[in-house]
Amino acid sequence: MKKLFLKTALYAILILIALEVIVRVFHLAKDNPSRFVDKYKVEKWMPNQEGYSVTGNRRQNFSKFYINKSGYNSYREFTPSKEEVEVALVGDSFIEGFHQNYYNSIGKKIENRVTDIEVYEYGYAGYDLADQLHLISAYKETFDKIDYVVLGLKFENDLFRGEYQVVQDRMHLESPLYKKAREIKLLVYTQNIGILEPLWKLAGKLASFGKKQKLVPEKVVTKEDIEARHLTYIKNFKSLIDKYGYDKERFVFLLDAKITPKLFLDYLHDNNFKYIDMYKPLSASKLPTTLIYDRHWNNHGREIIAELIADYIKQ
């Protein structure tokens, strides 16, 4: 019996090692770049990293990223000057662009449409408006040299807070334990494709076994609740603008008017905040504009966004 147990354990270890090798050789698991908070309390990626972003259990999306000296995924360094024309794209994972090769980014597509400009992509997964405005304020000398600044804004996601603070939940991913776990590519792969999710749920049930569960009735969200939330978001927007400033001549929001409350759109219009509406060109496309497995733009969607921003710059 002891011999059987030892053989089983040995075979299990050998199988795990073989699977780890397979995942590494065929690059089935994504590379996770390290993040940090710089001296200005701006959260970004550690400079000079490169790797591959992989999504899906059959490498449905496989693309290369490169983190430049400024800490963002880009094929170029950010060196603005008063003499040249530059555009900054500031936003979350949609601008970050890990779903596409870094040398075929939205910024590159814009440069292909507009001559003699440089596009800088300050994209970072999870950035909300507080992150974006704090970044611009912290690097004011840099952004003062940039001619156009496009800020991605999704009303329901980006206005939870009226003041910037470092998001500690994201920084916990840089703890020694998480870093060691990310080195095991088989673990990363199984986590990404959802194999481990039932195990986590089972562990949670076992941990709560025997404990009385309090049944919390589901709250019915009323029209008044939604209106109150929207007013809170607009209040947060005003707070951020007052605290960090906003150049209405150079800055413009990129948003989807279809999913943005009319109350907020009216506020932007009444207070001379410019915005680019991406809803009409995306919805008018006869081809899919997003990836199969999530709502990020695919290459066609990025072409549309790039053309939209390029047209705005040309005007």
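Select Glu 111 first. Setting aside neighbours within four places in sequence, Glu 111 is in contact with Tyr 75, Arg 76, Ile 117, Glu 118 and Val 119. This is a predicted model. Show the helix around your selection: Glu 111 belongs to α3, which covers residues 106-113. Is Glu 111 buried or exposed? Its relative accessible area is 13%. The cut-off for buried is under 20%, so Glu 111 counts as buried. The side chains of Glu 111 and Arg 76 make a polar contact at 3.0 Å.

**The whole chain**

Zoom out and colour by secondary structure. The protein chain has 14 helices and nine strands. Its C-alpha atoms fill a box of roughly 80 × 50 × 45 Å along the principal axes. Of the 315 residues, 42% are buried. Take the contacts between residues at least 6 apart in sequence: 67% of them join residues at least 24 apart.

**The parallel sheet**

Next, select β5 to β9. These five strands form an open sheet, ordered β6-β5-β7-β8-β9, with parallel pairing. Which strands sit at the edges? They are β6 (117-123) and β9 (275-277), and each pairs on one side only. Look along the sheet for its twist, which averages 20° from one strand to the next.

Keep β5 (residues 85-91) and β7 (residues 148-152) on screen. The two run parallel, and four bridges join them.

**From β6 into α4**

Follow the chain out of β6. The loop between β6 and α4 holds Ala 125. Ala 125 is partly exposed, at 28% relative accessible area. What does Ala 125 touch, leaving aside its neighbours within four places in sequence? Show Asp 92, Ser 93, Glu 96 and Arg 170: Ala 125 is in contact with each of these. Then draw a distance from Ala 125 to Phe 98. The two are 27 residues apart in sequence, and their C-alpha atoms lie 9.2 Å apart.

Step on to Asp 128. This residue caps the N-terminal end of α4. One of its side-chain oxygens lies 3.2 Å from the backbone nitrogen of Ala 130.

Now select α4 itself, residues 129-138. How many of its 10 residues are buried? Eight are, and the helix is mostly covered. Colour them to see the run: Leu 129, Ala 130, Asp 131, Gln 132, Leu 133, His 134, Leu 135 and Ile 136.

**Two packed helices**

For the last stop, select α11 (residues 223-244) and α12 (residues 262-270). Two packed helices are described by the angle between their axes and the distance between the axes. Here the angle is about 30°, and the axes of α11 and α12 are 10 Å apart. Angles under 35 degrees count as roughly parallel, so α11 is roughly parallel to α12. The crossing of α11 and α12 is right-handed.

Show the side chains between them. From α11, display Leu 231, Ile 234, Phe 237 and Lys 238. From α12, display Leu 263, Phe 264, Tyr 267 and Leu 268, which those α11 residues meet. An α-helix has 3.6 residues a turn, so residues three or four places apart point the same way.

Conventions: Residues numbered from 1 in each chain as written. Predicted model: local features only at pLDDT ≥ 70, side-chain atom pairs only at ≥ 80, totals over all residues. Heavy atoms only, no water. Buried < 20%, exposed > 50% of the residue type's maximum accessible area, 1.4 Å probe, protein only. Polar contact = N/O pair within 3.5 Å; in protein donor to acceptor, adjacent residues only side chain to side chain. Pairing = 2+ DSSP bridges. Axes fitted to C-alpha atoms, helices over the stretch in contact; angles between N-to-C directions. Parallel < 35°, antiparallel > 145°, perpendicular 65-115°, else oblique. Left-handed = near helix turned anticlockwise from the far one by under 90°. Contact = heavy atoms within 4.5 Å.
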